Amino acid sequence: MTLLFCTRCNGGISLSILPGGNPIAKLHPEMFATHYGQCARCERIYCGRCIEANENRCPGCQRPVAITGPIEAGAG
């Protein structure tokens, strides 16, 4: 499992190429976020929860940030 860490809350972010995301991360949402975003301006990475809590803006510089996540099962 590839992990990043949120710049704001330091929580783990699971990156997965598995359709639907990493099953271990999905079983432990308190430990791993599966949705995240990277600010195009400051290049910091945040979990989806921190981005949503900041009204879909970068918690660092306030630029809008798109949230992405695992590829949906069956997509592609």
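Trainee: Why is Glu55 called exposed?

Mentor: Exposed means over 50% relative accessible area, buried means under 20%, and partly exposed is in between, with a 1.4 Å probe and protein chains only. Glu55 has a relative accessible area of 69%, so Glu55 is exposed. Keep in mind that this is a predicted model, where local features need pLDDT of at least 70, side-chain atom pairs count only at pLDDT 80 or more, and totals for chains, interfaces and linings use all residues. Residues are numbered from 1 along each chain as its sequence is written, and side-chain values use heavy atoms, with hydrogens and water left out.

Trainee: And what makes Gln62 partly exposed?

Mentor: Its relative accessible area is 38%, so Gln62 is partly exposed. Gln62 lies in the segment after H2, and Glu55 is found in the segment after helix H2 (48-53).

Trainee: What is phi in Glu55, and what is phi in Gln62?

Mentor: Phi is near 55° in Glu55, a positive value in a residue other than glycine. For Gln62, also not a glycine, phi is positive too, near 75°.

Trainee: How many helices and strands does the protein have?

Mentor: You get two helices and five strands. Those are DSSP runs, numbered from the N terminus: H or I of at least four residues for helices, E of at least two for strands. From the N terminus on, the order is β-β-α-β-β-β-α.

Trainee: What about the sulfur of Cys50?

Mentor: Its closest cysteine sulfur is in Cys47, at 3.7 Å, and that is too far for a bond as well. By this rule the count is zero disulfides.

Trainee: Why do Cys6 and Cys50 count as buried?

Mentor: Cys6 has 2% relative accessibility, so it counts as buried. Cys50 has 9%, so Cys50 counts as buried too. Of the 76 residues of the protein, 30% count as buried.

Conventions
Disulfide = S-S within 2.5 Å.
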